[in-house]
Amino acid sequence: MLICFGLMIVLVAVVASGCPPRGAQPTPVPGDGQQREDIDISALVGQWVDSNHANILLLPAQRDGCVVCHDGGAFAEQLTEQAAIERDFFISIDCRACHTGRGQELMEAGTVSIPTAENVQAGTGALCFACHNERRAPNIADENRSAPHFSSQAGVYTATGGIRVEGFDYGSTTAHAQVENTCVRCHMTEGNQDFASHTFQVDNVAAACGQCHENIQTVNLTAKNDYDGDGETKGFQEEVAGLLDLLEEAILAELDGGSIELGGGQIQFKDTSGEIVQVEDEVYLAAYNHTLVSQDGSLGVHNPMFVVQLLQQSYKALTGEDVPGAEIR
Ligand code: HEC
Ligand code: HEC
Ligand code: HEC
Ligand code: HEC
Ligand code: HEC
């Protein structure tokens with residue numbers, strides 16, 4: 001396997017330097033140790049180059065504690081401190097991050113622990129879970145009013161994230177949460193070319209969703225019901241966007257015209273003059289769950305049932321009533 005990867009890095013270097021590839025260099029396939037000769041490796045590398053994994057923010061790659069997810073080389077070796085890194089430049093989330101060291105181990109193990117759940121069976125997607133999680137489990141009594149990290153996907157997807165209200169039994173769309181290879185199943189399909197897509201986007205809806213949702217044309221699949229109570233049953237992502245708007249209005253109403261902002265890993269609640277104020281637990285609960293769902297980036301698709309319930313119950317905890325006119329899940 002290591003030998004395969006040595007070969008691949010040579011091959012990538014050849015492609016990147018613009019030299020003609022030498023004859024029939026076989027392309028190694030990560031994971032199974034076999035080699036495929038039919039992959040258009042420069043097309044694969046080109047997809048990665050255009051992705052955000054190749055275009056990282058430098059600031060978090062320069063900090064202890066952050067570098068392990070924000071620098072691909074540090075992730076492969078699981079280095080959490082700058083001082084342990086023997087180079088003076090940064091490495092994006094590159095081939096080595098995912099295909100050597102820790103990344104390779106995770107794909108082979110298929111099991112991963114995240115702050116909100118231990119030993120999740122995630123197939124090759126275990127790799128994605130290791131970085132795309134909210135970094136710490138939530139706690140309603142947290143006086144710092146910590147925010148979930150920008151990468152809240154794993155907690156939403158597994159329905160283990162978020163702050164819950166007592167006495168409500170939250171569900172999960174298990175058909176989504178248990179797809180083979182989890183994140184990789186939808187984000188790296190072979191739909192548009194004959195290799196696993198390295199755009200990391202859901203770039204072929206039929207390949208990602210068509211097996212279960214016949215004739216699906218867009219990820220914004222028509223919802224089963226009117227979840228935000230605006231009198232119309234629209235695309236599911238629009239229903240979730242509607243719920244996010246309602247919840248934000250309800251949070252701002254509690255602040256009498258103030259605002260909420262993210263800063264220093266916290267959710268900051270401010271009054272009209274911009275001063276930070278203390279809020280009741282229900283306001284924090286609602287703001288935490290609002291942030292979790294917004295930052296996840298899928299507008300509920302990762303776990304439709306859980307997300308609708310989380311937002312509807314947050315609204316109820318804050319206002320004392322169900323979302324008016326909505327179908328309550
Ligand atoms: C080593 C950590 C790491 C791993 C492993 C990782 N990612 Fe990422 N990912 C990141 C970071 C960091 C960013 C944001 C880059 C930036 O903007 O600085 C990102 C960005 C993304 C984006 C773009 C998000 C946007 O807002 O544009 C997608 C989609 C994504 N990752 C999916 C995946 C998938 C799917 C996997 C597993 C195959 C994966 N990632 C594995 C760290 C990782
Ligand atoms: C567990 C892995 C992990 C750790 C540790 C981590 N991050 Fe991140 N961070 C991510 C991922 C993954 C993303 C991309 C999320 C997305 O785009 O959906 C991200 C996104 C960000 C963004 C937003 C980037 C953008 O494109 O807008 C900032 C800012 C950031 N992180 C700062 C930090 C800082 C500062 C620290 C340390 C205090 C830190 N991160 C630690 C995984 C991590
Ligand atoms: C059932 C298919 C499916 C699975 C499984 C899945 N996703 Fe997604 N993901 C989506 C869809 C659909 C979107 C929304 C894309 C859009 O609106 O264009 C999305 C959005 C995202 C985004 C935001 C993309 C952006 O450009 O802003 C990130 C990051 C992401 N997913 C990461 C993950 C991670 C990490 C996992 C595993 C924990 C995962 N996804 C599992 C379907 C899936
Ligand atoms: C964010 C993680 C990530 C990054 C970065 C990444 N890959 Fe991958 N790659 C994967 C995953 C996941 C698979 C699918 C593995 C599987 O199912 O066995 C894969 C599959 C592959 C395959 C096999 C494709 C197929 O369909 O058989 C090749 C070749 C490959 N990657 C090369 C590269 C190269 C070269 C780079 C750097 C330009 C790279 N990868 C960057 C995660 C990543
Ligand atoms: C393995 C099968 C499977 C795959 C793949 C799959 N889904 Fe689903 N999806 C389901 C099932 C089953 C449900 C639950 C239906 C229910 O709630 O009764 C569901 C529910 C949904 C819902 C919620 C509808 C509502 O109003 O409650 C949306 C939206 C959705 N899926 C979109 C997608 C998208 C977009 C993709 C691809 C990115 C996808 N699904 C991939 C099986 C799947």
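Trainee: Is His302 buried or exposed?

Mentor: This is a predicted model, and in it His302 has a relative accessibility of 18%. That counts as buried because the cut-off for buried is under 20%.

Trainee: Where do His187 and His302 lie in the chain?

Mentor: His187 belongs to helix H10 (residues 182-187), while His302 sits in the loop between helix H13 (281-296) and helix H14 (304-319), so the pair ties together parts that are 115 residues apart in sequence. His187 is partly exposed, at a relative accessible area of 25%.

Trainee: Which angles would be ideal for six octahedral donors?

Mentor: They are 90 or 180 degrees.

Trainee: On to ligand 1, then. Which residues coordinate its iron atom?

Mentor: His53 and His132 do, both through NE2, at 2.0 to 2.1 Å. The pair links distant parts of the chain, 79 residues apart: His53 is in the loop between helix H2 (41-50) and H3, and His132 is in the loop between H7 and helix H8 (153-157).

Trainee: What is the geometry at the iron atom of ligand 1?

Mentor: The site is octahedral, and the angles among its 6 donor atoms are 86 to 180°.

Trainee: How accessible are His53 and His132?

Mentor: His53 counts as partly exposed at 23% relative accessibility. His132 also counts as partly exposed, at 33%.

Trainee: Changing topic: which residues come nearest to ligand 2?

Mentor: Cys66, Cys69, His70, His149 and Gln153 do, out of 16 residues around ligand 2. A side-chain N or O atom of His70 is 2.9 Å from a nitrogen atom of the ligand. For His149, the distance to a nitrogen atom of ligand 2 is 2.7 Å, and the side chain of Gln153 has an N or O atom 3.0 Å from an oxygen atom of ligand 2.

Trainee: Which elements give two or more residues to that shell?

Mentor: They are helix H3 (67-70) and helix H7 (126-131). The shell divides into 7 nonpolar, 7 polar and 2 charged residues.

Trainee: And strand S3, how does it pair?

Mentor: S3 (residues 111-114) pairs with strand S4 (residues 117-121) in the antiparallel sense over 3 bridges. The two form a hairpin with 2 residues between them, and Val112 has Val120 as its bridge partner in S4.

Trainee: Which residues of S3 are on its covered face?

Mentor: Val112 and Ile114 are, whereas Thr111 and Ser113 make up the uncovered face.

Terms used: Residues numbered from 1 in each chain as written. Chains lettered and ligands numbered in written order. Predicted model: local features only at pLDDT ≥ 70, side-chain atom pairs only at ≥ 80, totals over all residues. Heavy atoms only, no water. Helix = DSSP H or I, 4+ residues; strand = E, 2+ residues; numbered from the N terminus. Buried < 20%, exposed > 50% of the residue type's maximum accessible area, 1.4 Å probe, protein only. Near = heavy atom within 4 Å. Polar contact = N/O pair within 3.5 Å; in protein donor to acceptor, adjacent residues only side chain to side chain. Nonpolar A, V, L, I, M, F, W, Y, C, P; charged D, E, K, R; others polar. Pairing = 2+ DSSP bridges. Donors = N, O, S within 2.8 Å, 3.2 Å for Na, K, Ca; no water. Tetrahedral: all angles 85-135°; square planar, octahedral: opposite > 155°, others 65-115°.
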